[in-house]
Amino acid sequence: MGDLHVKETGSASYKDLFAEISQEADILVLTGDLTDLGKPKEAELLADDLRSCSIPVVAVLGNHDYECGHVDEVKDIVKGAGVQILEGQAVEINGVGFAGVKGFAGGFGRYMLGSFGEPAIKAMVAESVEETMRLENALRQVRSERAMVVLHYAPIVETVAGEPPEIFPFLGSSRLAETIDRFPVTAVVHGHAHRGTYEGRTPGGAPVYNVASHIEKPTGKPYALLDL
C-alpha cells in the first residue's frame, strides 16, 4: 500500500487497517508518501499507528516525505517504529528479497527527458539516473529466488494511465524499468499516481502494481495482496 499521506491533524487513523493487514499478510510494504508534508509530527502519528501492525514492515519514502526539509527526522521516527526504510538497499524477509528506492521523474519511452540544455534540466536527469543506479545496487544485493522491487515513482507508463497525460513525465521514469528488466524480478510495486491503473508490465515482462491507497484493487481494500 502507498500514499498514506498521514496529516498532523490526526484526522485519519490506520491502526485498524494495519491490524487487519497483519491478519491477512506476512509482510507490509509501504510505497512512499507516508506523510502528507514530511513533518515529524505526521511521522509520529504514523509510528503510533504502526504499533498495531504485528508483521514486518518495509518502506520507501515519497516526494511528500521530503516537503518540509525534515526527511532525516521523519526517517528516524518511522525506523523507530520498526520499519525498514530502503534507499538503495535490499533486505530479505521470509525468503523474499526486497530492493527499494524512491525513484524519480523523467518520463517514459521515447518521451523520456534527456540530459541536454540548461543545468536545471541536466540536474533533473542526473537525479533520475542516480536513483536508477541505487536501484541497480540494491538488486545486486538480492540473493533470494523471489525478489520484489519497491518504488514510489512508476517505472512504466501503463500504471499511471488515468492521470492527466500532461503530468506523466513527473510520475516516473522508464529508466527504472530498464534496470528492473536486467534482473529476475518477481513483482514491482509503486504508488504516487493516485488516479493511475492497478496493473501493468515492464517491457521485459515483470508485473508492476500501482498500490497507492486511492487505486481500486482486487481486494476492494486500500491495500493489495500479492502472493510471491
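A salt bridge is a side-chain nitrogen of Lys or Arg within 4 Å of a carboxyl oxygen of Asp or Glu. This tour applies that term to a predicted model, in which local features need pLDDT of at least 70, side-chain atom pairs count only at pLDDT 80 or more, and totals for chains, interfaces and linings use all residues. Residues are numbered from 1 along each chain as its sequence is written, and side-chain values use heavy atoms, with hydrogens and water left out.

**Stop 1: salt bridges**

The structure holds 11 salt bridges. Select E136 and R140 to begin: the closest N and O atoms of this salt bridge are 2.7 Å apart. Both residues belong to helix α4 (residues 119-141) and stand 4 residues apart, about one turn of the helix. Helices (H or I, at least four residues) and strands (E, at least two) are DSSP runs, numbered from the N terminus. E136 is buried, with a relative accessible area of 18%, whereas R140 is partly exposed at 49%. Here, buried means under 20% relative accessible area, exposed over 50%, and partly exposed in between, with a 1.4 Å probe and protein chains only.

Next, select E163 and R195, a salt bridge whose closest N and O atoms are 3.6 Å apart. E163 is buried at 8% relative accessibility, while R195 is exposed at 55%.

**Stop 2: the nonpolar cores**

A nonpolar core is a set of buried Ala, Val, Leu, Ile, Met, Phe, Trp, Tyr and Cys residues joined through side-chain atoms within 4.5 Å. Select F18, I21 and L28, the residues with the most contacts inside the largest core, which has 25 residues. The elements that each supply at least two residues of this core include α1 (15-24) and β1 (28-31). A second, separate core of 20 residues includes A138, L139, A147 and A177.

**Stop 3**

D33 is buried, with a relative accessible area of 1%.

Finish at H5, in the segment before α1. Phi of H5 is likewise near 50°, and H5 is buried at 10% relative accessibility.
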